[in-house]
Amino acid sequence: MMRILFHIQTSPFARRTRLALAHKGLTVELRHVRAHPEFLEESRRLSPLKTTPVLVEEDGRVLGDSTAISHYLDRAYPSAPRLWPSEPDDALAVFEVASLVDVALGTVADLGARYYALHSSEAWSAVKTEAMERVQRALDALGQRVSVLSRPTIARSGWSAADMWLVTAEHWLATLPQRAPKYPVLAQMVSLGWRLPSELRRWADQHRNRPDMIALG
């Protein structure tokens, strides 16, 4: 059985999982759930999370959630390059960046999609204001972190999960406005009012021509 990844082409969570698999040197069959409804149905049957990505190992074991998958890969394939550094200073930097990315992405996605139907509620303005302040603080903190780096990567040890998390998040957020006219849900996310710091764009520029980044399409 071939290793399988159920994914969405533009999802930052799926794209960072593909980068993690590439970093580990693991081949995988990609199954795009939006292009093939039968793949979506299969992925939801396999994982109780009912989200993508979903990884199916060659022996049939299944795991969802990009963060869980990445930690599993470090333990299942310890001889391959690490995704999450173990040296304390690198680990601190990597986990901080990854957590800030997830705060920003998760809040924008939830408020702009899952909970947007509540935007006519009297409570919406206060909830949105608090949530977007949290998003902007996370994005600004990320911009500040990369602006003072003396190297291309978050960790001194090199390319890591933090770089994968951040570069895919930057790409997703940066391309939302141009994709929004065709997709109402994306327009809702853009309407929330977050701002992508220019420091993040400049940091991401130096990684766009990596072979694994180009392979994402």
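## Surface and overall dimensions

The protein chain has an accessible surface of about 10,900 Å², and carbon and sulfur atoms account for 56% of that area. The model is a predicted one. Of the 217 residues in the chain, 47% are buried.

The C-alpha trace spans about 50 × 45 × 30 Å along its principal axes. Among contacts between residues at least 6 apart in sequence, 69% join residues at least 24 apart.

## Secondary structure

Nine helices and four strands make up the secondary structure of the protein chain. Their order along the sequence is β-α-β-α-β-β-α-α-α-α-α-α-α. The radius of gyration is 17 Å, close to the 17 Å from the globule rule for 217 residues, so the chain is as compact as a globular protein of that length.

## Packing of helix 1 and helix 3

Two packed helices are described by the angle between their axes and the distance between the axes. For helix 1 (residues 12-23) and helix 3 (residues 66-76), the axes come within 9 Å and cross at roughly 10 degrees. Angles under 35 degrees count as roughly parallel, and helix 1 and helix 3 are therefore roughly parallel to each other.

On the helix 1 side, the contact is made by Phe-13, Arg-16, Thr-17, Ala-20 and Leu-21. Helix 3 contributes Ser-66, Thr-67, Ile-69 and Leu-73. By class, the residues of this contact are five nonpolar, three polar and one charged.

## The loop between helix 2 and strand 3

The loop between helix 2 (37-46) and strand 3 (54-56) holds Pro-53, and Lys-50 lies in this loop too. The peptide bond joining Thr-52 and Pro-53 is cis, with omega about 10 degrees.

Lys-50 has phi near 55 degrees, which is a positive value in a residue other than glycine.

## The loop between strand 4 and helix 3

Asp-65 is placed in the loop between strand 4 (62-64) and helix 3. Its phi is near 80 degrees, again a positive value in a residue other than glycine.

The relative accessibility of Asp-65 is 35%. Buried means under 20% and exposed means over 50%, so Asp-65 counts as partly exposed.

Conventions: Residues numbered from 1 in each chain as written. Predicted model: local features only at pLDDT ≥ 70, side-chain atom pairs only at ≥ 80, totals over all residues. Heavy atoms only, no water. Axes fitted to C-alpha atoms, helices over the stretch in contact; angles between N-to-C directions. Helix = DSSP H or I, 4+ residues; strand = E, 2+ residues; numbered from the N terminus. Parallel < 35°, antiparallel > 145°, perpendicular 65-115°, else oblique. Contact = heavy atoms within 4.5 Å. Nonpolar A, V, L, I, M, F, W, Y, C, P; charged D, E, K, R; others polar. Buried < 20%, exposed > 50% of the residue type's maximum accessible area, 1.4 Å probe, protein only. Rg over C-alpha atoms; globule rule 2.2 N^0.38 Å. Areas by Shrake-Rupley, 256 points an atom, 1.4 Å probe, with all protein chains shown as cover.
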